[in-house]
Amino acid sequence: NNENPEYLKPKIILFGLRRSGKSSIQKVVFHKMSPNETLFLESTNKIVKEDINNSSFVQFQIWDFPGQIDFFDPTFDSELIFGDCGALVFVIDAQDDYLDALTKLNQTVTKAYKVNSRIKFEVFIHKVDGVSDDFKIESQRDIHQRATDDLQDAGFHDIHLSFHLTSIYDHSIFEAFSKVVQKLIPQLPTLENLLNILITNSGIEKAFLFDVVSKIYIATDSAPVDMQTYELCCDMIDVVIDLSDIYGLTVEARQNQELSAFDNKSSSLIKLNNSTILYLKEVNRFLALVCILREENFTKQGVIDYNFLVFREGISKVFELRSKKLEHNTDDLSD
Ligand code: GDP
């Protein structure tokens, strides 16, 4: 595909034992399946390579392997799989005995690291909805300890693992994916800077730059992220998408099977009864800015809208520059 050169798409691979929850994660995050429906998912028994290019800005692929994949099988092409991989997500079922999973984690990580030492290794300690807070902390500590000890014992001192507690029944899975994806976006510091400038000059409390389809936030300003605020913004995206899908699609668009009416004119404003305002503006076909601000700071909408236009222009320049630079030098993807 010439329009979307391969090197612009950070690739994420999901690994994990059978029934650890890989397909569920993929369906919930990228296909808007509701968590309860995942109970009826067929178990994966073949290598599924899913490419979610067209609908999502975060252009990565998910490779879903059966837990029983054999790295020592000569037909297993690890170059092909790990060579251009940005992040490897290993899913561990926290409600199950995880010793087998830890062995597999060690094999997978060391194998991948030998092929490509730039891969970011992310461990999702998953299904933590059914367990107590104490259990969460304890299993995270235990898994962290064992996994890093195993790597040390095998002589891999440079491999760094990151850990996330996740569940598809709340927003933790989106939050974890946001962190994973952000590590793969080379423009992140610039995006954060643009967001910081935008909020200080517009009286905004907090702003997220969202990938609309997945509700992953690819950047936010430097104020700390509060889970409730993030959830509120996710819910707002759902409302806007649902409404524009009902009222926004023209007959033509429906005939052309366009999936979403979210376009470059989408915007929405919600006033909450605690004098807070949620303001959503599209940035481009994939991205939206969602801001939270206090009602008393919303007296001059014109100023905010103007600042937003400047912000949007900045964003498009950042990505333009990046693509141009990459056309000349594909090697600097790693930094
Ligand atoms: P896969 O074989 O790794 O693709 O695993 P599946 O996606 O098929 O998931 C196996 C089972 O775990 C399904 O019944 C899911 O409903 C369940 N599951 C997945 N994620 C979660 C979670 O976060 N919490 C709970 N309680 N169950 C989950």
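Ligand shell and helix packing in a predicted model

User: Which residues come nearest to the ligand?

Analyst: Of the 18 residues around the ligand, Arg19, Lys22, Ser23, Ser24 and Asp129 come nearest; a residue counts as near if one of its heavy atoms lies within 4 Å of the molecule. This is a predicted model, in which local features need pLDDT of at least 70 and side-chain atom pairs pLDDT 80 or more, while totals for chains, interfaces and linings use all residues. Residues are numbered from 1 along each chain as its sequence is written, and side-chain values use heavy atoms, without hydrogens and water.

User: Which atom of Ser24 is 2.5 Å from an oxygen atom of the ligand?

Analyst: A polar contact is a pair of N or O atoms within 3.5 Å. For Ser24, the atom is a side-chain N or O. A polar backbone atom of Arg19 is 2.8 Å from a ligand oxygen, and a backbone N or O atom of Ser20 lies 3.3 Å from a ligand oxygen. The protein covers 92% of the 580 Å² of accessible area that the ligand has on its own (Shrake-Rupley method, 1.4 Å probe).

User: Which helix gives the most to the shell around the ligand?

Analyst: Helices are DSSP runs of H or I with at least four residues, numbered from the N terminus. Helix H1 (residues 22–30) gives the most, with three residues.

User: How do the axes of H1 and H5 cross?

Analyst: Two packed helices are described by the angle between their axes and the distance between the axes. The axes of H1 and helix H5 (residues 172–183) come within 10 Å and cross at roughly 90°; H1 and H5 are therefore roughly perpendicular (65 to 115 degrees).

Note on methods. Polar contact = N/O pair within 3.5 Å; in protein donor to acceptor, adjacent residues only side chain to side chain. Helix = DSSP H or I, 4+ residues; strand = E, 2+ residues; numbered from the N terminus. Axes fitted to C-alpha atoms, helices over the stretch in contact; angles between N-to-C directions. Parallel < 35°, antiparallel > 145°, perpendicular 65-115°, else oblique.
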